[in-house]
Each structure stands twice: as structure tokens, then as C-alpha cells.
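These notebook entries record what I looked up in one protein model. I work from single residues towards the whole chain.

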Amino acid sequence: MPVYPNFYQNPYQQYQPQYTQYQMPQQTNPQSQNGIIWVQGEAGAKSYLVASGQSVLLMDSENPVFYLKSTDPSGMPLPLRIFDYTERNSMQTPPETPVFSGNDMTNYITRQEFEEKISQLLTQKGTIENAKSDI
């Protein structure tokens with residue numbers, strides 16, 4: 001196969017400096033620092049993209065709120081979960097949750113009190129029905 005000269009070469013190419021291909025530096029996510037992802041408000045959390053089957057903790061940069069955004073395995077977003085946080089001082093203790101004790105009788109009434117309450121409600125119902133029939 002014969003080699004033909006390149007007649008379409010730029011005649012001024014010899015005067016142009018040789019360019020090296022410039023490679024863009026890797027950009028880091030400006031919203032993510034130290035593994036914390038910051039968003040601006042609830043709208044920013046709702047618009048943040050999450051990979052399929054993953055969950056992400058998003059911190060609000062405007063309010064004392066954080067969000068948990070998740071997607072199911074097919075990539076459909078699950079409802080955005082919103083949490084408020086407050087500071088707890090060392091003097092404060094977390095509120096204790098009541099533990100059910102079978103011996104705690106403060107929430108119970110006796111059988112006699114129950115029957116009295118039922119008969120009282122039935123007599124009230126009877127007087128109301130009598131009043132309606134008189135009208």
C-alpha cells in the first residue's frame with residue numbers, strides 16, 4: 001500500500017507549542033468532610049441521591065436536624081426519616097422508661113369497682129334512652 005503525503009496538515013503547526021493533555025484533578029465532594037454529609041435543609045436531603053439498597057446519614061447545615069435517607073434494592077426511595085437532636089448535659093440523665101411489673105396494682109381496679117362502674121353506665125344509658133323516647 002503506497003504512503004501518501006499529508007496535504008491537509010496545518011502549515012503553522014511548527015510554530016505552535018506542543019500541548020500535553022491536561023488532566024482535571026479529582027474533586028472531592030465539598031459537602032462531605034470527615035465522612036459527614038452536610039445538606040441544606042429538608043429539600044437538600046430529599047434531593048440527595050442514594051445508591052440502591054443503601055442508607056445515608058445526612059446532617060442539616062441550617063438546623064439541629066439530621067436525616068436518614070434510604071432506598072430499597074430496586075432503587076426506589078423510602079420515606080425520609082427526620083430526627084431532631086438536642087444537647088444532653090452530664091448532669092441530666094436520660095428519662096427512664098417505665099418497666100411493667102406484675103405486682104404494680106396502681107393501674108387496676110377491683111372486680112367490685114368494675115361492676116359498680118358498669119351498672120352506673122347502664123343506668124345512664126337507660127335514662128338517656130328514656131329521655132329520647134319521651135321526645
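**Entry 1. A surface patch**

In which loop does Ile109 lie? I find Ile109 in the loop between β5 and α2, the latter spanning 111–134. I note that the model is a predicted one. Ile109 has a relative accessible area of 54%, and it counts as exposed because the cut-off for that class is over 50%. I then looked for a nonpolar patch on the surface and found one formed by Ile109, Phe114, Ile118, Leu121 and Leu122. Together these residues have about 470 Å² of accessible area.

**Entry 2. Salt bridges**

In one of them, the side chains of Arg111 and Glu115 meet at 3.1 Å, N to O. Both residues belong to helix α2, where they are four residues apart, about one turn of the helix. Arg111 is exposed at 62% relative accessible area, whereas Glu115 is partly exposed at 44%.

Lys46 and Glu42 also form a salt bridge through their side chains, with an N to O distance of 3.3 Å. Because Lys46 and Glu42 are four residues apart in helix α1 (residues 41–47), about one helical turn separates them. I record Lys46 as exposed, at 51% relative accessibility, and Glu42 as partly exposed, at 36%.

**Entry 3. The nonpolar core**

Which residues make up the largest nonpolar core? I list nine: Ile37, Val39, Ala45, Tyr48, Val50, Val56, Leu58, Val65 and Tyr67. Two or more residues of this core come from each of β2 (36–39), β3 and β4. As general background, nonpolar side chains in soluble globular proteins tend to be buried together.

Val56 lies in strand β3, residues 55–60, and is buried at 15% relative accessible area. Beyond its neighbours within four places in sequence, Val56 contacts Ile37, Tyr48, Val50, Tyr67, Leu68 and Lys69. Ala45, with residues up to four places away again not counted, touches Val39, Leu58, Tyr67, Lys69 and Leu80.

The C-alpha atoms of Ser70 and Val56 are 6.4 Å apart, although 14 residues separate the two along the chain. Ser70 counts as buried, at 16% relative accessibility. Its side chain makes a polar contact of 2.7 Å with the side chain of Ser55. With neighbours within four places left aside, the contacts of Ser70 are Gln54, Ser55, Met76, Pro77 and Leu78.

Thr71 is in the loop between β4 (65–70) and β5 (81–84). Is Thr71 buried or exposed? I find it buried, at 8% relative accessibility. A polar atom of the Thr71 side chain lies 2.6 Å from the backbone oxygen of Ala51. Among the residues that Thr71 touches, outside four places in sequence, are Val50, Ser52, Gly53 and Met76.

**Entry 4. The whole chain**

The protein has two helices and five strands, in the order β-β-α-β-β-β-α along the sequence. Of its 135 residues, 12% count as buried. Among contacts with a separation of 6 or more, 9% are between residues 24 or more positions apart. The protein exposes about 13000 Å², of which carbon and sulfur atoms supply 55%.

Definitions and conventions. Residues are numbered from 1 along each chain as its sequence is written. This is a predicted model: local features need pLDDT of at least 70, side-chain atom pairs count only at pLDDT 80 or more; totals for chains, interfaces and linings use all residues. Side-chain values use heavy atoms; hydrogens and water are left out. Buried means under 20% relative accessible area, exposed over 50%, partly exposed in between (1.4 Å probe, protein chains only). Contact means heavy atoms within 4.5 Å. A polar contact is a pair of N or O atoms within 3.5 Å; within protein, one must be able to donate a hydrogen and the other to accept it, and residues adjacent in sequence count only if both atoms are side-chain atoms. A nonpolar core is a set of buried Ala, Val, Leu, Ile, Met, Phe, Trp, Tyr and Cys residues joined through side-chain atoms within 4.5 Å. Patches are made of residues with over 30% relative accessible area and no salt bridge: like charges are joined within 9 Å, nonpolar side chains (Val, Leu, Ile, Met, Phe, Trp, Tyr) within 5 Å. Accessible areas come from the Shrake-Rupley method with a 1.4 Å probe; for residues, only the protein chains shown count as cover. A salt bridge is a side-chain nitrogen of Lys or Arg within 4 Å of a carboxyl oxygen of Asp or Glu.
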